[in-house]
Amino acid sequence: MKKKVICGISLLLFAFTLQGFKQDNEPITKEDGMYIVNTTTLCNKVGYAGTTPLKIHIKKNKVVKIQALRNQETPKYFTLVKKELLKKWDGMKVSDAAKKKVDGVTGATLSSNALIENVKSGLQYYQKHK
């Protein structure tokens, strides 16, 4: 009897873990009236050391904020990229933000370009799937 209970509890914990993992990797989720686009599975634009996934927060068809997710970029340079670029789209209508031309950060060109392309891909995905 104890083995069945432990096995059942283990299966439930495993199912909850899988459910949480799935939600974290969904391209679009909705929380508190805000859409969140996760580019982890959408775009594989590579910076200097790998992909640069983002979360794009959108409310009432406007970009609220863009958040960089874990990546393998050189922290010293990617910190500059985040500081200079992530706020460039804040407050913009999604349609305008998707077309916005943004210059990269000098010295971190590959990381900048990857981040910019991920923003564009995430915004285009939102427009098609919201």
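Guide: The structure, which is a predicted model, holds one aromatic pair. The partners are Y35 and Y126, with ring centres 5.5 Å apart and ring planes at 65°. The planes are over 60 degrees apart, so the pair counts as edge-to-face. Y35 belongs to strand β2 (residues 34-38) and Y126 to helix α4, so the contact ties together parts that are 91 residues apart in sequence. The two partners can also be described by their accessibility. Y126 has a relative accessible area of 3% and is therefore buried, whereas Y35, at 23%, is partly exposed.

The protein contains four helices and four strands, arranged α-β-β-β-β-α-α-α from the N terminus on. Of its 130 residues, 32% are buried. Among contacts with a separation of 6 or more, 53% are between residues 24 or more positions apart.

Consider β2, the strand that carries Y35. Four of its five residues are buried, so β2 is largely enclosed by the rest of the structure. On one pairing, β2 runs antiparallel to β1, joined to it by four bridges, and I28 stands opposite V37 of β2.

H57 leads back to the aromatic pair. This residue lies in strand β3 and is buried, with a relative accessible area of 9%. Beyond its neighbours within four places in sequence, H57 is in contact with M34, Y35, I36, K62, V63, V64, K65 and Q67. Y35 of the aromatic pair is thus among the contacts of H57. With Q67, the side chain of H57 also makes a polar contact of 3.1 Å.

The other partner, Y126, lies in helix α4. This helix has 21 residues and reaches 30 Å from its first C-alpha to its last, close to the 30 Å expected at 1.5 Å a residue. Its buried residues are S111, S112, A114, L115, I116, N118, V119, G122, L123 and Y126. They pack against the strands β1 (28-31), β2, β3 (54-59) and β4 (62-68), and also against the helices α2 (75-85) and α3 (94-99).

A search of the whole structure finds one salt bridge, formed by E117 and K120, with the closest N and O atoms 4.0 Å apart. Side chains of opposite charge can pair when their charged atoms come close. In α4 (residues 109-129), E117 and K120 are three residues apart, which means that about one helical turn separates them. E117 is partly exposed, with a relative accessible area of 33%, in contrast to buried Y126 at 3%.

How values were computed
Residues numbered from 1 in each chain as written. Predicted model: local features only at pLDDT ≥ 70, side-chain atom pairs only at ≥ 80, totals over all residues. Heavy atoms only, no water. Salt bridge = Lys/Arg side-chain N within 4 Å of Asp/Glu carboxyl O. Helix = DSSP H or I, 4+ residues; strand = E, 2+ residues; numbered from the N terminus. Buried < 20%, exposed > 50% of the residue type's maximum accessible area, 1.4 Å probe, protein only. Phe/Tyr/Trp six-rings, centres within 6.5 Å; stacked < 30°, edge-to-face > 60°. Expected span 1.5 Å × (residues − 1). Contact = heavy atoms within 4.5 Å. Polar contact = N/O pair within 3.5 Å; in protein donor to acceptor, adjacent residues only side chain to side chain. Pairing = 2+ DSSP bridges.
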